[in-house]
Amino acid sequence: MKKYNFYAGPAILSETVIRKASEAALEYEGTGLSLLEISHRSKELVAMMEETESLVKELLGLDDDWAVLFLTGGASSQFFESAQNLLNEGEFANYVDTGTWSTKAIKEAKRFGEINVIASSKDQNYSYIPKGYDNPQGARYLHITSNNTIFGTQFHSFPDSDSPIVCDMSSDIFCRPIDPGKFGMIYAGAQKNLGPAGVTLVLIRKSFLGDKRSDMPTITNYHTHIEKSSAFNTPPVFQIYVCLESLKWLKSMGGVEGMQKHNEAKAKILYDEIDRNSLFEGTAAKEDRSLMNVTFVSKDESHQTEFLAACEAAGCVGLKGHRSVGGFRASIYNAMPKEGIEVLVQIMKEFENKKG
Ligand SMILES: *Cc1c(COP(=O)(O)O)cnc(C)c1O
């Protein structure tokens, strides 16, 4: 039975993409070699990386001031690398704390400069996105986490800020169009909404990054990777290729505009059922509900195990909520088809009939 993958990460990829990846693992585009054994300096793979870079730019509407980097170390490495590269002597950055990942970003950034936490939703277990806070002027950047994978909240509009936004978009990059003008840097671990674990996408505006600094280790200096087109050391070419295929798929689905419509329609079906069904309730503030990670609980806690078992039996896997929220979390990234949501909603309805 084909299962519907609701895991938060690593997460669902489109079947077309997985087929392309398995073909490339056997033989890469007529080269007589597997993609897993080809040099990253070969003309084929240099071209593949260039194509991925230009597709990223095309889909997000990034001009040539933007560098597209494929790094390793996960979004977690960017928590400190961003501060290390961006904060010069005497500068400070503002951070909005919207959950576990923001908290980690703050902790690591503090090793490299003055960090002001200007707003937090910790008081209500991160169930909402803070609004109406003061964003002190003159910061080098404002850091936010656009989608809170664990708590199921998402920024539906980006804050106004005199300083550029540095954004962890690990779990919602390419889920909708963005206005690049608001951002100085965007980073994302691929394994949530784009590709397999092992590659981290870093987008940085060169004019925002500024001049090369000599006081940093070579490998964490963004200039190194800009100068060497992400091939200073061996890049994760297989992962990059899967991202490329996933972006081609995304383009065929109408690009980020098409994805947004698809994602909004999918999320609506599920949230409507959560609100209608007498057994369940959502955990995130309605206006901040995520299009990617839908968090909900059963009103009667004793139903939890049985509901998860009903989901498993119907082929819906990965729905157990993160321990910091409990209950359930349906991760419905770009690649989740509408049918997956419809199957889940059907299980919820049947469960209500059975219990009611
Ligand atoms: C998963 C996740 C991370 C951590 O990503 P790694 O690539 O595993 O380091 C960071 N931020 C957000 C929002 C995430 O969802």
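Student: Which residues of helix 9 are buried?

Tutor: In this predicted model, helix 9 spans residues 304–313, and its buried residues are Q304, F307, L308 and C311.

Student: What makes these buried residues line one face of helix 9?

Tutor: Look down the axis of helix 9: the buried residues fall within an arc of 100°, so they line one face of the helix. The face turned away from that buried side carries the exposed residues T305 and A313. To be called exposed, a residue needs over 50% relative accessible area.

Student: What do the buried residues of helix 9 pack against?

Tutor: Their partners are strand 11 (280–282), strand 12 (293–298), strand 13 (316–317), strand 14 (328–331) and helix 10 (338–355). After helix 9 comes G315, which has a positive phi near 85°.

Student: Why is K355 called partly exposed?

Tutor: Buried means under 20% and exposed means over 50%, with partly exposed in between. K355 has 32% relative accessibility, so it counts as partly exposed. You will find K355 in helix 10.

Student: Which residues is K355 in contact with, leaving aside its neighbours within four places in sequence?

Tutor: Those residues are L279, H303 and E306. K355 and H303 are 52 residues apart along the chain, and their C-alpha atoms are separated by 9.1 Å.

Student: How do you know whether K57 is buried or exposed?

Tutor: Set its value against the cut-off of under 20% for buried. K57 has 13% relative accessibility and therefore counts as buried. This lysine sits in helix 2 (residues 43–60). Leaving aside neighbours within four places in sequence, K57 touches L62, D63, D64, W66 and V68.

Student: And L201, what makes it buried?

Tutor: The same cut-off applies: under 20% counts as buried. The relative accessible area of L201 is 4%, so L201 is buried. L201 belongs to strand 10 (residues 200–205). Beyond its neighbours within four places in sequence, its contacts include V56, V68, F70, I173, I186 and L194. As for D179, it is 22 residues from L201 in sequence and 18 Å away in space, C-alpha to C-alpha.

Student: Why is helix 7 called roughly perpendicular to helix 8?

Tutor: Two packed helices are described by the angle between their axes and the distance between the axes. The axes of helix 7 (residues 237–252) and helix 8 (residues 255–276) come within 7 Å and cross at roughly 75°. Angles of 65 to 115 degrees count as roughly perpendicular, so that is the name for helix 7 against helix 8.

Student: Where do helix 7 and helix 8 meet?

Tutor: W249, L250 and K251 in helix 7 meet G255, V256 and M259 in helix 8. The residues of this contact divide into 4 nonpolar, 1 polar and 1 charged.

Student: Which residues of helix 4 are buried, and what covers them?

Tutor: Helix 4 (residues 100–109) has S102, A105, I106, E108 and A109 as its buried residues. Their cover includes helix 3 (74–86), strand 3 (92–97) and strand 9 (183–189).

Student: How do you know that the radius of gyration agrees with that of a compact globule?

Tutor: For 356 residues, a compact globule would have a radius of gyration near 21 Å; the protein chain has 21 Å, so the two agree. The C-alpha atoms fill a box of roughly 65 × 55 × 30 Å along the principal axes. Buried residues make up 56% of the 356 residues, and the chain has 10 helices and 14 strands.

How values were computed. Residues numbered from 1 in each chain as written. Predicted model: local features only at pLDDT ≥ 70, side-chain atom pairs only at ≥ 80, totals over all residues. Heavy atoms only, no water. Axes fitted to C-alpha atoms, helices over the stretch in contact; angles between N-to-C directions. Helix = DSSP H or I, 4+ residues; strand = E, 2+ residues; numbered from the N terminus. Parallel < 35°, antiparallel > 145°, perpendicular 65-115°, else oblique. Contact = heavy atoms within 4.5 Å. Nonpolar A, V, L, I, M, F, W, Y, C, P; charged D, E, K, R; others polar. Buried < 20%, exposed > 50% of the residue type's maximum accessible area, 1.4 Å probe, protein only. Arc of directions from axis to C-beta. Rg over C-alpha atoms; globule rule 2.2 N^0.38 Å.
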